[in-house]
Amino acid sequence: MSFYTSSSSQKTHNLNTRQSPDPDSSPASSPGAITPTTSHTETAGSSYFSNLLWGGLFRRFTSEPSPSLSTENSPPALRHAHTYQPDGEDDGMNLGKSMDGIYTPPHFHHRVPSPMGLPQLEPLQLLGFSARTRTESRLLTPAIAEEVRNLVPTRLSIVDEWNLVYSLDQDGASLATLYDKCDRYRGKRVGFVLAVRDTEGGIFGAYLSDVPHIAPNYFGTGECFLWRASVQAPLPPPPSLIDSEDTPDVGRSTTIRAEQNVASGQVNAHSIRFKAFPYSGVNEYYMLCGQQFLSVGAGDGRFGLWLDSGLEKGVSSTCQTFGNEPLSDEGEKFGVLGVELWVIGA
């Protein structure tokens, strides 16, 4: 609140002067109007310095630059960041299109890709087959393994040696034996490739992110996936062109099964038809292992891949975890002729 003196000679001056009450005074002990303590000299001094400040700023921004402050001898100014368009034109002044351009940090010119490409991976080596294991009895071939290798995590794809942990042909038909051979990999950052052959010769399996072991609950990660492989074999020309002299060389192929020995290694990589089914994100039923079964993927009472304890029978259905198709051409239920488990990164 402001107070003003009753003197008419100071009325004009005091109307523009705001004064706070004396802290040592009170309305009871100081009756009447309180005279402002701000003097005319203090007000005039404040006005002088205010005018001096504004006048200096005005002259600074309106005067011509001094010749002594020439930029010839001064250090170069820092270049601001720009946004360049994909066609190479500088669009730093075009704010309407700058969001579609490429941001370049200050002090850097146009970036160019590195001339050094990614190094090529060494060919895979499948180690662990016994000398007595026949070639046609081996499920995972280098051609199929290379296809699986493209989908495993990067930290494992650079590994060029896969080691055989379990083989039904070499170790016998027992799920308990498979678990026992996996125990030494517990706690290690490794991956596993499961390969299965059904009674019709189909080759399929799964990539396992964790060590298969008996557990009461589901375990694993979204790195798991299911896969199946088949061979593309050439077909003869159609009957309508067999007797024609100008029969064109038309390439035809079909998907075949064990009759062409998918796992025999006698087919090249270009004739392999490989399909993978990665994690769908619907649920987290990656792996579940018990004394009587091993399963990968589940949902709505169906399993993506399920094997019994004797490794004699299996089940493969469309499951929510991977959104896969049945892996076996026999149907949802199939007979088992071979099982292999490979470790990566050990």
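The model is predicted, so local features need pLDDT of at least 70 and side-chain atom pairs count only at pLDDT 80 or more, while totals for chains, interfaces and linings use all residues. Residues are numbered from 1 along each chain as its sequence is written, and side-chain values use heavy atoms, without hydrogens and water.

The protein has 7 helices and 14 strands (DSSP runs numbered from the N terminus: helices are H or I with at least four residues, strands E with at least two). Of its 346 residues, 34% are buried (under 20% relative accessible area with a 1.4 Å probe, protein chains only; exposed is over 50%, and partly exposed lies in between).

A nonpolar core is a set of buried Ala, Val, Leu, Ile, Met, Phe, Trp, Tyr and Cys residues joined through side-chain atoms within 4.5 Å. The largest one has 37 residues, and Phe-192 and Leu-194 have the most contacts inside it. Among the elements that each supply at least two residues of this core are helix 6 (175–182) and strand 5 (191–198). Strand 14 gives the most, with 5 residues. A second, separate core has 25 residues, including Ala-195 and Trp-342.

Beyond its neighbours within four places in sequence, Leu-194 is in contact (heavy atoms within 4.5 Å) with residues including Phe-204, Trp-227, Leu-305 and Val-339. Among contacts between residues at least 6 apart in sequence, 60% join residues at least 24 apart.

Helix 2 (residues 40–62) contains Leu-57, which is partly exposed at a relative accessible area of 37%.
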